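Dear colleague,

I am handing over the structure below, and after it I set out what was found in it. Please look through the sequence and the model first, and then read on.

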Amino acid sequence: MRNPIRFRSIDWRAAACAGLVAGGVATALQMVAWWMAGAAVEELLARDAALTAAVVLGRDVLQSSSGFAREVFLAATLVHLSLSLLYGLLLAPLIAGRGRAASLGIGVACGLLLFGVNLYGFTLVFPWFAQARDAITLLAHAAFGAACAGVYKAMARC
């Protein structure tokens, strides 16, 4: 049987950085995938920013159709980065001490689980996220998990 995880052996700095980097990677990949699908990238980015910002700014943000709004993008970025950081910290104990291939597989699986949590679980409280359920968002979440695991393994001192 595998030894239990020793939390002192986890490189928390690497976990935090991995989450933040993975959040950026997932967003960039999602934008590229939207572009490749012929979607209106700017509109979808503004939509997703409003969906995310509404978590902290309230539902009224969803009614705004002005496109880019600095406060909406700032709030959305802070929520996105906070969750990415948290998810990086949660993933680290699952992959610490494992090989790169196993860690990447676990990362992808966790990314897919996050898709379920974010777009099905969160919709119980924030129902507006249901409109973002699609294959590109699923791909972005899987990429988040893989990037998070890969960055952690590259940076970790354990």
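In this predicted model, helix α1 passes helix α6 in a right-handed crossing (a crossing is right-handed if the near helix is turned clockwise from the far one by less than a right angle, and left-handed if anticlockwise). Helices here are DSSP runs of H or I with at least four residues, numbered from the N terminus. The contact of α1 with α6 is made by 21 nonpolar residues, four polar ones and one charged one, where Ala, Val, Leu, Ile, Met, Phe, Trp, Tyr, Cys and Pro count as nonpolar, Asp, Glu, Lys and Arg as charged, and the others, Gly among them, as polar. The axes of α1, residues 12-36, and α6, residues 135-155, come within 7 Å and cross at roughly 145°; such axes are lines fitted to C-alpha atoms over the stretch in contact, with angles running from 0 to 180 degrees between N-to-C directions.

As for the source, the model is predicted, so that local features need pLDDT of at least 70 and side-chain atom pairs count only at pLDDT 80 or more, while totals for chains, interfaces and linings use all residues. Residues are numbered from 1 along each chain as its sequence is written, and side-chain values use heavy atoms, with hydrogens and water left out.

The structure holds one salt bridge, meaning a side-chain nitrogen of Lys or Arg within 4 Å of a carboxyl oxygen of Asp or Glu, and its partners are R47 and D48, at 2.7 Å from N to O. D48 counts as buried at 14% relative accessibility, whereas R47, at 21%, is partly exposed (buried is under 20% relative accessible area, exposed over 50%, and partly exposed in between, with a 1.4 Å probe and protein chains only).

Two further residues are also buried: A53 in helix α2, residues 41-57, has a relative accessible area of 0%, and P93 in helix α4 has 10%.

Conventions: Helices (H or I, at least four residues) and strands (E, at least two) are DSSP runs, numbered from the N terminus.
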